[in-house]
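Please look over the structure below before reading the numbered points.

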Amino acid sequence: MTLNLGYFQGIESSTTEWKTLSFDRGRGAIEVAVPVLSETQLKSLCTRVKNMSQTYLKTIPVSDLVNIIDTTISSFLDRTNPYRQQAEDLLPRITGYDPEMIRLGLTSYLKTFRKVELNRFLSEDFSNPKILDEFQPLPKGGLGRAYGPDLLFHIWAGNVPGLPIWSLVSGLLVKAGNIGKVSSAEPLMASLFSKLLAEIDPKLGECIAIVWWEGGQNKWEEVLLKQADLVLAYGNNDTLRQIRNRTPITTRCLTYGHKISFGMISRSALDTGKSWTTAHQAAYDIVRYDQQGCYSPQIFFVEEGGAVSPEQFAQFLARELENFENKFPSRSLTIEEASIVASWRQSEELKAFSEEKRAFLADPNGRWSVSYSETAGEIYPSGLNRTIQVFAVGSLREVPSIVKPYKAFLQTVGIAASPEELIQLASQLGAIGVTRISALEHMTTPEAGWHHDGRFNLLDLVTVTEVERTAETAAEAFSDYVD
Amino acid sequence: MNEKQVIDSLTKFIIRHKTREDEFDTLALQIFEYQFNNNLPYQRFCRQRETTPKTVQSWKSIPAVPINAYKSLTLSCCRPEDIKRTFMTSGTTGDELRGKCHHPTLSVYDTSMITAFKARFMPDLKTIRMGILFPTENEMPNSSLAHYLALAYSNFGSDGSQYFITTEGVCLEKLFAELERAEKNSEPYALLGASYSFVHLIDQMEKSNQTIQLPKGSRILDTGGFKGQSRELDLDDFYERLSERFSVPRASCVNMYGMTELSTQFYDNGNQICPSKKSGPHWIRSQVINPATGIPTPKGERGILVHCDLAHFNCVATIQTEDIGIEIDNGFLLLGRAKGAEAKGCSMAVAEFLKIAQG
C-alpha cells in the first residue's frame, strides 16, 4: 500500500487528488502519495488554519506549547514509537543516505528540541518570552506584546532530513498557524511530525497543514502567498527571487538561500598526535548528509608549518573518507548528481596534471575525492557528495581575504585552532559575513537556538504591539480611582 | 603508424560499406596508439588513469577525455605549424574559455561527413535545392557546423541553393520568397540549420499565421538543440509545429547530433517519436556510462554518452560528453544535456555559484 503523506484537517482526503512520488536510491524502492489540493480546498484550508491560530493557538501560554512540543519530540526520540520507526525505515529509502547515519542524525537533531532547549531557543530571542502571551513591561517604558502571524507559509527545499521541523517548531513557538509545502526530495518528516503532534494535541494539529505541489506550479503558490501573513522560503536564489517577486508587497518574505561553508585547520592542530583526529573530524563533516547542508564544508584551508603538511593532511583526509565508506557508505547518485561530481572531478584531475603543486586523490569508484592545491587562488564550490578541496595557506589569517568576495554566500566555518587563534579568526570571519563558527565534527549539527544565517529566527517572525507610556499615563486620568 | 598512414587507413575504412567489429577494434587501437604517442597531454591523462596502448584490448577501454579538457589543454597530434583549420566550441556567455579542435587536414572530416550525410539524409537523391539557416563558413570559420553545412551545400545542394542567415540575422523576406517558389514547384526542397533558428522561424510564421506546403520529398535537418538561444521546447511540440508549418512529415524531419569534438555525426530516421533513436556510421561507436564510476550502465538505463570516433584522428578519438543517453538496440536515445541538476540540499552547487559570481 502506498503511504499517504501530507497532513491537513477539515478536508476529506478522498476528495483530493493524490500524486505518487517514487524513490529508488538503492535502499529499497518506495512510493509515497502526496496530496494535491484544489485551489478552493487550499483557500478553505488557509481560512481554517488562520481561524484556529486566532481562536486556539494565540490563547495558549507559550510554556504550554513548549510542553506539547517536548512531548511530541520525546515520542519521536523513542525508537519503539511507530512514527519514529517509520522515519528510520523510510528516510534512507527516500534520500539514499545510510540508515545508521539517519538514525544517529535524527536523535542528535531531535534532542535539540527538548524542553530545556526550546526554552533556550525562546530566551535567545526574547529576554522575556511571556511577551508572546500578554503585554509585558518594556525596558524603554510602556508595554509590549509579540504576535506571531496567523498564517505562516513555509516553502521547504532539499533533502536534508528533518529541516522542516526546525521551521515548524519556530512557527509554533511564536503561535503562528502553519502551512508548509514539502519538497519532492523529502516529503516525509514534516508530515510525520504534524501527525504525531496532532495525536498529542488535536486542536494544535488543526493549526498546521502540510501540502505539496509540483515545483514551479505557481497557481497553488499564489493562493498561499496571497493568504499568508508571512512567508518563509528555502531554496536557490532563482527560486527565492521568483517567490519574493510574487509575494504581495504588504507580506513579509524571509528567504534562506544556498550557502557555502568551509573548514580551517591551524598548524597547532597538525602535530603528529592530533592530526589524525583532526582529519577524522573533518571527514565526518563531509560525510554527514553528503555535503547537502548549507553548513557542510566544501573547502578546507590548512596552515603550513605544522608537523603534518597540508598535502599530508589531504592524504589523511582521503584515508578517513575511505574509512567512512565502511561506517556510513555513500549513497548511490542519480545521473544528474553523478554528472556534477564527475565534471568537478574531471576538472580537478586535469588541473592536477597540468599545474604543478596540485594533487588529486580519489576513490576509483567515484565515492569520494580530495583535490589538493598548494595555492589558494579563487575559491569555488566542490562537486558535493563527498568531494572536497584542500588548500594550503601560509597562515590562516590569509583566509578571510580569500573568501571575502563571497560574503553573501558564507555561513559556517569549522575551526581547529588554539583559543587565541580562534578568537582572532572569529573577529576577522564575522566581519566578512560568516555567521556561525563551530568545532570540526560539529559543522553539520548546529546547537539548539542557533541563529540560522545570523538572523533572530523567532524574533523575525513576530510583530510587536506597543502601548506607549503616554497612553498608559493618559489612561490614568480616566481611571475610577483618579483623585 | 604515422599521420599519412592513419589518414589512408581511415579513409579506406570509411568508404567501405561494411566492416566487422574486430576491424573497428584493430583500427581504434592503432589510432589510440598514434594519439598516445603524439599527443602528450593525452598521454599524461592516460597514464594518470594507468592506461597505455599495451593495457588496452578493446575500444571500450580507451580512456575517454571529458570534452571540458579541450578548454584547458591543447589536444593535438600534429605540429602547431601544420594546423590547417581549428574548430572552436561555442561558449554560452562569450567570455568563457572555448575548446579548440585542430585539424591538419579536413579530408577525413569531409569524407566522414559526406559518406554519412549521403546515407542518412540523401539516400534517394543526388542533389536537392537547399535553404540553409546558418551563417556561411566565411562568416564563421571556426564553427564546425558552418563547415558541415558548407559541405552539404557544395556536395548535395542543387542550383539555386542559398544561405538565409548572416551574422546580422535571418533574411526573412528572401527566405519566404524562396519557400513560396518551392511551394509552387513540385521539386523537393530541403531546409537545414540550427534548431534554434527553426524555433525563431516557426514563432514568426505562427504569429502571422503563415504556412508553407513544401512539395512531397522535401525534408528538414535541424541540429544543435536550443542551448538557451531560444525558448527551450518540448521536442514533440517542436517537431509537430515544424511539420505543420512546412507540411513536411515528421518522418522527414531529421535531427543531426554532432559536436565540435567529433569528426562524425549521428542521425535519426525522422522524429515521428521523440526522443528518436540516434545512430552513427560504422567508424563511430558509443557507450553509455555512469559518470561517477565510468562503468557502462545496463542497456535501457540512463547514463552519460561516450563516443569513439575514429575520424577524429588528430585530437582524441574517445571523448566523454555531458549528454545523457540510453543505449538501445543499434543506437541510443539522446535525452539532452545533463543540466548539472538542481542541487538537492541547501549547499550551494557550482552551477548556481558561477551564475551568481558572474553576475
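1. Which strands are included in what covers the buried residues of α7(B)? The model is predicted, and in it the cover includes four stretches of chain B: β4 (129–133), β5 (162–163), β7 (169–170) and β8 (189–194).

2. The helix itself, α7 of chain B, runs over residues 172–184. Its 13 residues, at 1.5 Å a residue, should span 18 Å, and the computed distance between its end C-alpha atoms is 18 Å, so the two agree.

3. Four residues of α7(B) are buried: B:Leu175, B:Glu178, B:Leu179 and B:Ala182. Looking down the helix axis, these buried residues fall within an arc of 100°, which means they line one face of α7(B). On the other side of the helix, B:Glu173, B:Ala177 and B:Lys184 are exposed. A student can check this by finding B:Glu178 among the buried residues and B:Ala177 among the exposed ones.

4. One of the covering strands, β4 of chain B, contains B:Met130. Is B:Met130 buried or exposed? B:Met130 has 22 other C-beta atoms within 10 Å, and a residue counts as buried at 20 or more, so B:Met130 is buried.

5. What does B:Met130 touch, leaving aside residues up to four places away in sequence? The list is B:Ala152, B:Tyr153, B:Gly157, B:Ser161, B:Ala190 and B:Leu192.

6. Some totals for chain B give the setting. The chain has ten helices and 16 strands. Of its 359 residues, 43% are buried. Among contacts between residues at least 6 apart in sequence, 66% join residues at least 24 apart.

7. Chain A deserves a separate look. How many strands form the open sheet that includes β4(A)? Three do, in the order β4-β5-β18, and their pairing is antiparallel. The edge strands are β4 (136–137) and β18 (463–467), each of which pairs on one side only.

8. Within that sheet, β4(A) and β5(A), the latter covering residues 143–147, run antiparallel and are joined by two bridges. For a place to start in the 3D view, find A:Gln136, which stands opposite A:Gly144 of β5(A).

Definitions and conventions: Residues are numbered from 1 along each chain as its sequence is written. Chains are lettered from A and ligands numbered from 1 in the order in which they are written. This is a predicted model: local features need pLDDT of at least 70, side-chain atom pairs count only at pLDDT 80 or more; totals for chains, interfaces and linings use all residues. Two strands pair if DSSP finds at least two bridges between them. A residue is buried if 20 or more other C-beta atoms lie within 10 Å of its own, exposed if 12 or fewer, and partly exposed in between; C-beta atoms are placed from the backbone. Two residues are in contact if their C-beta atoms, placed from the backbone, lie within 7 Å. The expected span of a helix is 1.5 Å times one less than its number of residues. The arc is that of the directions from the helix axis to the C-beta atoms.
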